[in-house]
Amino acid sequence: MGMLRVLPFVMLMGVAALAQSPRYGVGRTPTPEEIRAWDISIGPTGEELPPGHGTVKEGALVYRAKCAGCHGATGLEGTAPILKSKVAKDVDLWERGRILPLRAPFATTVWDYINRGMPLNREGTLTADEVYALTAFLLYINDVIPEELTLDATSLPKVKMPIGDNYAPLPEWKPRTPRLKGYPY
Amino acid sequence: MGSRQPARREFLKSGAALAGGFTLGAAAPAIGQTPPSPKMIKGDTDLIAYGQRSRFVTSVRIAHGGRPSPDAFGLVFHVAAPLQDSVGVITPSSLHFVGTTRGSYIPEIDPGEHRLMIHGLVDRPLTFTVEDLKRLPSVTRLHFIECAGNRSSRRAKTVQETHGMTSCAEWTGVLLSVLLKECGVKGGASWFVAEGSEEVKGASSMPLAKAMDDCIVAYGMNGEALRPQQGFPLRLMVPGFEGIFHTKYLRRIKVVDRYYMNYNDFGHMDNEPKEAALGYQIGPKSVITFPSAGQRLPGRGFYEISGLAWSGGGAIKKVEVSTDGGKHWNNAEIKGTAQRMAHTRFGYQWDWDGRETELQSRCTDELGSVQPSREQIAKYWNKPFDETFSVPGLDNSIQPWRVASDGSVTNGHA
């Protein structure tokens, strides 16, 4: 009886293992630590976020020291892309400019972007705490979060970005299919 | 044969008598019944080791989009290929267009140290060296890469400026699907993120269906290793998708269950669903490279009109050429066999009567999609077709070239 119950389970496992078994045996298995060290893709759930935390106040200091040179004292005056909208709050978000800490649909996108891409020519030099702090500062100056919120791996993914789901979903891509049916005719 | 020998010996003797640095053969006289010899290029170690083109061939890439490349700091921005001089379908690696995310130095990567990691929603994460990848079954395919910013404008003076941000090469590598099967993709996986190892570690989310269909982890280009400007030692080829997805210096592929909205993805956000749909796959596109703007026809008579056609939707099935500004269309000849997501050379035999006219080309791909005119695109979007109209998504509109009665060719959009 016990055997009968287990048997289908074992057979399923066997089929799955067969279908998924490696064919060539080439390549090396990375350790979990290696994967963690390499994996800088921060998705919307924030599950990859490292330990650390940062406040708006700390972010303002880091910003002044490491970002203001290119982005300007308040995020508006530099040669690099502006970081704060110049357009009034009551205007549709899509009309307020391509401002990362305002238009991004997830706060994790802001974190990911700063962490991998900033500062220009000194990428990879910011600590996790500094990235949390900068994210907090930039979200604060765009009125996305209150001044007292500390960002960490738990609070950051919970930030509600103003765009919500007000952006176009990507269509499902299929091989051998026109990109947009009926376009242009 | 026999009569050549003395002349050759004479020639060698006189060459040996000259001090080094003279071009050999410069003084070679016409002897007997053989025509005079051309000047000779003296062999040197470098030329023997790695050949060079003739000094009479001067076609070069140019900085694209108004930013200098290199700039004062040695940063490289966008660089366009000289399509006006191209023949056949392969862009030489030295002339292949270059695009960078935001301007960058070219990373100098030791291939012995480089690793590609595949992880995320897989049964067995794996790390590959370049040597590992070369042990696996390979594919060799012709594919174009085109930058999403490859857009004609009324200011552009040549086809290099209107269309130079596309190129086509023969790529060799391992199908990404082979690597993913080796790792075992878990149920629920639907997207993957590809990441480069340059300074910004540019990353893009792409549909897993594309990975399983035809993506290549390439280590070879035009019969040799990739060039550093093209992603040495590994580049992800995503045939038919916009250039930015063809991740250079590929270091990591993460299999995920949602669009990750990472670095490059933010730039692709759109508020209009139909425009978002134009964001991945490149539509059918063609351009006449000869005669094209900046060139001059020496006089009336026969010319083979020549150009390139390509589509992200597959192989080019048909190319048509108009020699009267789009009033009548004639089938062009497709040279060789059109490959999927590859530049395809076409030709059309034309007798120019010496009168002012306008040349255009349009193509149809294997899906039946037809390259549109700008006017047709404006009509589709219900927008007025005037100077303010800008083609949404990648601009695959028909390019008109105006031929004046003096043979000069100019941009028909100007």
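Visitor: Let's begin with the sheet in chain B. In what order do the strands of the open sheet come?
Guide: The order is 13-14-18-17, giving an open sheet of 4 strands in chain B. The pairing is antiparallel. Strands pair if DSSP finds at least two bridges between them. This is a predicted model: local features need pLDDT of at least 70, side-chain atom pairs count only at pLDDT 80 or more, and totals for chains, interfaces and linings use all residues. Residues are numbered from 1 along each chain as its sequence is written, while chains are lettered from A and ligands numbered from 1 in the order in which they are written.

Visitor: Which are the edge strands?
Guide: Strand 13 (285-290) and strand 17 (333-334) of chain B. Each pairs on one side only. Strands (E, at least two residues) and helices (H or I, at least four) are DSSP runs, numbered from the N terminus.

Visitor: How many bridges join strand 17 and strand 18 of chain B?
Guide: The antiparallel pairing of strand 17 with strand 18 (residues 344-352) runs over 2 bridges. Glu333(B) stands opposite Gly347(B) of strand 18.

Visitor: And chain B as a whole, what is its secondary structure?
Guide: Chain B has 9 helices and 21 strands. Its C-alpha atoms fill a box of roughly 80 × 55 × 45 Å, taken along the principal axes.

Visitor: How much of chain B is buried?
Guide: Of its 414 residues, 44% are buried. That takes 20 or more other C-beta atoms within 10 Å of a residue's own, with C-beta atoms placed from the backbone.

Visitor: New topic. How many residues of chain A are in contact with chain B?
Guide: 43 residues of chain A are in contact with 56 residues of chain B. Contact means C-beta atoms, placed from the backbone, within 7 Å. Helix 6 of chain A gives the most to chain A's side, with 5 residues. That side divides into 26 nonpolar, 7 polar and 10 charged residues. Ala, Val, Leu, Ile, Met, Phe, Trp, Tyr, Cys and Pro count as nonpolar, Asp, Glu, Lys and Arg as charged, and the others, Gly among them, as polar.

Visitor: Last one. At what angle do helix 3 and helix 7 of chain A cross?
Guide: Roughly 100 degrees, and the axes of helix 3 (residues 56-66) and helix 7 (residues 128-141) come within 7 Å. Axes are lines fitted to C-alpha atoms over the stretch in contact, and angles run from 0 to 180 degrees between N-to-C directions. The two helices of chain A are therefore roughly perpendicular, a term for 65 to 115 degrees.

Technical notes. Two residues are in contact if their C-beta atoms, placed from the backbone, lie within 7 Å. Angles under 35 degrees count as roughly parallel, over 145 as roughly antiparallel, 65 to 115 as roughly perpendicular and the rest as oblique. A residue is buried if 20 or more other C-beta atoms lie within 10 Å of its own, exposed if 12 or fewer, and partly exposed in between; C-beta atoms are placed from the backbone.
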